[in-house]
Amino acid sequence: MPLYMDIHRKVEGTAEEISAAHLSDLEVQEKYGVQYLRWWFNPGRQTVCCLVEAPDADAAAKVHAEAHGLLPDKIVEVSSDLVDAFLGDSVDDGRGRMVEPAGNPDGGFRTVLFTDIEGSTAMTQRLGDAEAMKLLRVHDQIVRHEVETLHGRVLKHTGDGHMVAFAAASSAIRAAIAIQRTLHHHNLHLVERAIRVRIGISAGEPVDQGDDLFGATVQLARRVCDAAPSERIYVANVVRELCVGKEFVFTDVGPMSLKGFDQPVHVHQVEWPA
């Protein structure tokens, strides 16, 4: 049966009220051949996301309509693999609500980070396939260690970099700084085997724009990474706003025209003194 994510925006209820609505869904769902599985609630952004198996999107909406009348703003079909990749680091609290392993509520909001090795093709031509692969493995080990230390999830290898997801924007930035610092010290000792990386970060809700799970967020993080100079960390403005009051130092890069985005995107650089 197809898997859907429904998105409710501007929800003014409490977690207890959302939980009661979910229980009402469970009482009605069998009538429509639907199974509501999990839900994420972000009170700060007034957003609820529900994961549901249903014959079609209309059947899922009918359950909500009969159970409590809280209709979603959007219902999109999703892949279970993508849901697990982006949102799989939280657990069910026993009532369908997803919480972080530490017990904190999980709002479904994710920060996406890309790394990209500068000049990977030239490096392969200069060193040969075997030596270039050794350096790529060094990069992979460093990235995975710093990401996992800060509770991120490596989603996939992009050939000359990684795509990573974090529940918290601050964790993504701390991981990015740690990656750059570790590579910096590696490069000081192995000048002929230097690994120079650019990093780009963005953040968003499960379905922020369009009909893809984290589609626009992923695309923006990729483009911000592409725009970053070597050994720099660039973040979209939303990431800067999420980290107001944190210890990070940002330099305003300003609006940038990025491929695939109609309007200029405001970008900031994260400073990371070695």
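Select Gln269 to begin, and then show its surroundings: leaving aside its neighbours within four places in sequence, this residue is in contact (heavy atoms within 4.5 Å) with Arg232, Ile233, Tyr234, Val249, Phe250, Thr251 and Val253. Keep in mind that this is a predicted model, in which local features need pLDDT of at least 70, side-chain atom pairs count only at pLDDT 80 or more, and totals for chains, interfaces and linings use all residues. Residues are numbered from 1 along each chain as its sequence is written, and side-chain values use heavy atoms, with hydrogens and water left out.

Stay with Gln269, which belongs to strand S13, residues 265-270; strands (E, at least two residues) and helices (H or I, at least four) are DSSP runs, numbered from the N terminus. Is Gln269 buried or exposed? Gln269 counts as buried because its relative accessibility is 13%, where buried means under 20% relative accessible area, exposed over 50%, and partly exposed in between, with a 1.4 Å probe and protein chains only.

Next, select Lys10, in the loop between strand S1 (3-9) and helix H1 (15-28). Lys10 has a positive phi of about 55 degrees, although it is not a glycine. Most residues other than glycine have a negative phi. With a relative accessibility of 73%, Lys10 counts as exposed.

Finally, move to Gln46, which sits in the loop between strand S2 (35-42) and strand S3 (47-53). Its phi is also positive, near 55 degrees, in a residue other than glycine, and Gln46 counts as partly exposed, since its relative accessibility is 31%.
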